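Biologist: Please take a close look at the aromatic rings in this model and at what surrounds them. I would like one connected account.

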Amino acid sequence: QVQLVESGGGLVQAGGSLRLSCVASGDIFSIDAWGWYRQAPGKQRESVATITSDGTTNYADSVKGRFTISRDNAKNTVHLQMNSLKPEDTAVYYCNVKTRPVPFFYLYWGQGTPVTVSS
């Protein structure tokens, strides 16, 4: 199993920046990919950014050019640098990992960290 703990959320004005962090513990060697997801009130959870074990990144169109996902293997941590924040970025942000399929993959989630962007 993998345990995830997020941090870094908070209240920021539009145009500001925040940096989210997610620390993994447990069976970290089983992790194949990391991701950040978000869920705004009344909306479905959506993918924001992902990074695979080989470093390939992928972003939602709505955050491209503003958000950057990065990984610190030595600290078992993934960060999400969020710049030029907009009110529509307001949501609870969740860290996610996907394990290698041996033979099945598992998904683990953190508890979420809220981000509020004021206009």
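Modeller: Rings of Phe, Tyr and Trp, the last taken by its six-membered ring, count as a pair if their centres lie within 6.5 Å. By that rule this predicted model holds one aromatic pair. Its members are Y37 and W109, with 5.0 Å from centre to centre and 70° between the planes. Planes over 60 degrees apart count as edge-to-face, so the pair of Y37 and W109 is classed as edge-to-face. Y37 belongs to strand β4 (residues 31–39) and W109 to strand β10 (residues 107–109), so the pair ties together parts that are 72 residues apart in sequence.

Partly exposed covers the range between buried, under 20% relative accessible area, and exposed, over 50%. Y37 has a relative accessible area of 22% and is therefore partly exposed. W109, at 35% relative accessibility, is also partly exposed.

The ring of W109 has a charged residue over it as well: R45 lies over its face, at 4.6 Å from the ring centre. Elsewhere, the charged end of K98 sits over the ring of F105, 4.5 Å from the centre of that ring.

H79 is placed in strand β8 (residues 77–82). With a relative accessible area of 12%, H79 is buried.

Methods
Residues numbered from 1 in each chain as written. Predicted model: local features only at pLDDT ≥ 70, side-chain atom pairs only at ≥ 80, totals over all residues. Heavy atoms only, no water. Phe/Tyr/Trp six-rings, centres within 6.5 Å; stacked < 30°, edge-to-face > 60°. Helix = DSSP H or I, 4+ residues; strand = E, 2+ residues; numbered from the N terminus. Buried < 20%, exposed > 50% of the residue type's maximum accessible area, 1.4 Å probe, protein only. Lys NZ or Arg CZ within 6 Å of the ring centre and 35° of its normal.
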